[in-house]
Amino acid sequence: SAGLITLIVNLVLLFFVLMGFLDGLRKGLKKQALWLAFFTGAIVLAFIFTPLITNGIIDISFNIDGQNQSLRDMIVNMITQQEIVGGLYQEGSSFAGIVDNFPVMVANLVVFVLALYVFLFLMWIAYLIVAAIVFRKKKSLNGKVYTIKEGQAVELIDKKPKKYRLWGALIGIIPGFILCFFTFLPVSGLVGIYTDASNAQVVYAEDSETAVQKLLNEYIPEEYRAYIDAYNGTIINVVGGAIGFDDFCFNGLASMNVNGSKIVLRNEIVTFAEVYDSVEFLTTLDFENMTWTELNFTRLNKAVDLIFESELFRSLSAEVIPYALDYIETSDVLDGTEYKSQILELTNALKVGFGDKVEAEVLKTDFKSILSVFETMCESGIMDELTQETIDLNVVLDTLVADNSKNLNDILNNFFQSNVVKSLLVGAINIGLDAFEDTLPQGTNLDRVD
């Protein structure tokens, strides 16, 4: 049952803490403080070396069907099977970095726990050597206990445990708790992602539950959800989450740095869960019979903001859009289409407008500007009129010029803030000039717009 999960995890925590307590009681304050320093060193070393170890593991080659392939190669080949994706992998450094580092980011969690126990064993050996040097060993002869002072053996009369052993025991609880926390870190992290994705959504007054909650409830059996809730109630998870230890450690391991951008697995999943929560209502709309004035632009604007908060999207957008435009221009995807020359003209206009690299903030401005144009058209009733079987242009024009042409000004102002629109407008003008030039006497050439 779910309650058994809570009980088992809490008992495991109790075991780790009790072992730490007894170990500290045996060592005493000074030795336990020394061991705490070595324990901390093991954690630091595990964090430093985990990515290196993980990379080494996934780059180990195996003979598969007579061909030597590493796990990384298999993942890359699987992702880049499609021509356009393979080309982006070859051309785009950010995309290639994400594909190469994704398996490392996921595997880091398990590798870290294993590496931690290895480094703890090595640090324990180092601790024994240092402790033997720093704390000179007491010697026993005929039931009497001696210590070495100034090169002479001196009998210890008081052999009772010192009060410092209790302080050592209390300090020993710390590494016991921390070791238990790191042992459960992969589980805590995955449960945390599930919890954050299902609960930390954009809250809208009209919803009784988030869209992601509905989706998870539909596809994850209630029994498994009960197990997750039970784990969330364990002491190790509650304490680790309350002090932020869980987020700090998990996010430090399950992340990657790509061309100056730090992509954190948990943040990306939660962000796109919030995006889904913001736009899911679109799947319930009847676009043929809906009233456009009721479209929820608060959610749509929030979705755009969330998308551009994603480091993953920001990293990819800088390369994907230029590559897609190049692909349209150089591949045979447009062969045989009626308007190939016009599409290529517009594609070239976009390439000139964007340049070699698409800046995320520029792209966000474009999205927001176009969305604002659409919002004005919907809220003013223009879209409702344009979707009628019979369009009354007088109604459209009256709406545009109402209130001192407020709607028209809003549409034009937002329209021309968009870099995409301005680039397409240049392309459209050049297409028009081409068409007009064809009607002129042969040899007449018109200058094109840059």
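Tutor: Let us start with Arg26, which is exposed because its relative accessible area is 57%, above the 50% cut-off. Please keep in mind that the model is predicted. Arg26 has a partner in Asp23: the two form a salt bridge in which the closest N and O atoms are 2.9 Å apart. Both residues belong to helix α1, which covers residues 2–27, and their separation of 3 residues is about one turn of the helix.

Asp23 also has a salt bridge to Lys27, with 2.4 Å from N to O. Asp23 and Lys27 again lie in helix α1, here 4 residues apart, which is also about one turn. Asp23, Arg26 and Lys27 are therefore linked in a network of salt bridges. As a general principle, side chains of opposite charge can pair when their charged atoms come close.

The side chains of Arg266 and Asp247 meet at 3.5 Å, N to O. Arg266 lies in helix α12 (residues 265–279) and Asp247 in helix α11 (residues 245–253), so this pair ties together parts that are 19 residues apart in sequence. Arg266 is buried, since its relative accessible area is 4%, while Asp247 counts as partly exposed at 36%.

Of the 450 residues of the protein, 37% count as buried. In soluble globular proteins, nonpolar side chains tend to be buried together. The largest nonpolar core here has 49 residues, and the members that touch the most others are Phe112, Leu116, Phe182, Leu185 and Ile236. Helix α5 (residues 93–134) gives the largest share of this core, 12 residues. There is also a second, separate core of 13 residues, which includes Phe281, Trp292, Leu295 and Leu300.

Apart from neighbours within four places in sequence, Leu185 is in contact with Phe112, Asp246, Cys249, Phe250 and Leu253. One of these, Cys249, is buried because its relative accessible area is 1%. Cys180 is likewise buried, as its relative accessibility is 0%. The structure holds 0 disulfides.

Together with Val118, Phe121, Leu122, Trp124, Ile125, Leu128, Ile129 and Ile133, Val134 makes a nonpolar surface patch of about 880 Å². The accessible surface of the protein comes to about 26400 Å², and 61% of that belongs to carbon and sulfur atoms.

Finally, consider the overall arrangement. The protein has 19 helices and 7 strands. Among contacts between residues at least 6 apart in sequence, 71% join residues at least 24 apart.

Note on methods: Residues are numbered from 1 along each chain as its sequence is written. This is a predicted model: local features need pLDDT of at least 70, side-chain atom pairs count only at pLDDT 80 or more; totals for chains, interfaces and linings use all residues. Side-chain values use heavy atoms; hydrogens and water are left out. A disulfide is a pair of cysteine sulfur atoms within 2.5 Å. Buried means under 20% relative accessible area, exposed over 50%, partly exposed in between (1.4 Å probe, protein chains only). A nonpolar core is a set of buried Ala, Val, Leu, Ile, Met, Phe, Trp, Tyr and Cys residues joined through side-chain atoms within 4.5 Å. Helices (H or I, at least four residues) and strands (E, at least two) are DSSP runs, numbered from the N terminus. Contact means heavy atoms within 4.5 Å. Accessible areas come from the Shrake-Rupley method with a 1.4 Å probe; for residues, only the protein chains shown count as cover. Patches are made of residues with over 30% relative accessible area and no salt bridge: like charges are joined within 9 Å, nonpolar side chains (Val, Leu, Ile, Met, Phe, Trp, Tyr) within 5 Å. A salt bridge is a side-chain nitrogen of Lys or Arg within 4 Å of a carboxyl oxygen of Asp or Glu.
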